[in-house]
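This report looks at aromatic rings and at a charged group placed over them. The structure comes first, and the description follows.

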Amino acid sequence: QVQVVESGGGLVQAGGSLRLSCVASTRISSFNVIRWYRQVPGKQRDLVAGITNGGNTNYADSVKGRFTMSRDSDKNTVYLQMNSLKPDDTAVYYCNAVAFTTGVKYEYWGQGTQVTVSS
C-alpha cells in the first residue's frame, strides 16, 4: 500500500519560515504529479503548489514568490519551503500524489500537518 506522510508543520510568527516534507513509501518518480494542498476548517481544500515528474512546478498566486517546492528522489521526498509566512497561511497542509497507470488514476493523500502563523 502506497503511503505519503507529511511532517514539518508547527507554530511560527508572521514573517518566519517552515519547511514541510512529504515522504512517499515508493519512488516519487512513479507519480505523475505531487501537490500540496491546504485547508482551513469549514472551507474547501485549496491547491498550493505542485511538481510534475519532469520537475515542472506551479504555485497558487497567493504563495508565488514565497513558497518553493522541490524534491529529493534519493529520499523519496518532496518539500515545500515556506518563507515570509502570513497569518492567512494558517491551515492544515496535505500532500497529494497522483499516478496514472494504463489509464487508471491512483491518488494518495497524507494525514496532513498543521501550520499556524501568529501575527
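## A charge over two rings

The charged end of Arg 45 sits over the ring of Trp 109, at 4.7 Å from the ring centre, where sitting over a ring requires NZ of Lys or CZ of Arg to be within 6 Å of the ring centre and within 35 degrees of the ring normal. Arg 45 also lies over the face of Tyr 94, 3.6 Å from the centre of that ring.

## Basis of the description

This is a predicted model, in which local features need pLDDT of at least 70 and side-chain atom pairs count only at pLDDT 80 or more, while totals for chains, interfaces and linings use all residues. Residues are numbered from 1 along each chain as its sequence is written, and side-chain values use heavy atoms, with hydrogens and water left out.

The whole structure holds 3 aromatic pairs, a pair being rings of Phe, Tyr and Trp (its six-membered ring) with centres within 6.5 Å, called stacked when the planes are under 30 degrees apart, edge-to-face when over 60, and tilted for the rest. One of them is the tilted pair of Tyr 37 and Trp 109, with 5.0 Å from centre to centre and 55 degrees between the planes. This pair links strand β4 (residues 33–39), which holds Tyr 37, to strand β10 (residues 104–109), which holds Trp 109, across 72 residues; strands are DSSP runs of E with at least two residues, numbered from the N terminus.

Tyr 37 counts as buried at 16% relative accessibility, since buried means under 20% relative accessible area, exposed over 50% and partly exposed in between (1.4 Å probe, protein chains only). Trp 109 is partly exposed at 35%. Tyr 94 and Trp 109 form an edge-to-face pair, because their ring centres are 6.4 Å apart and their planes stand at 80 degrees.

Definitions and conventions
Helices (H or I, at least four residues) and strands (E, at least two) are DSSP runs, numbered from the N terminus.
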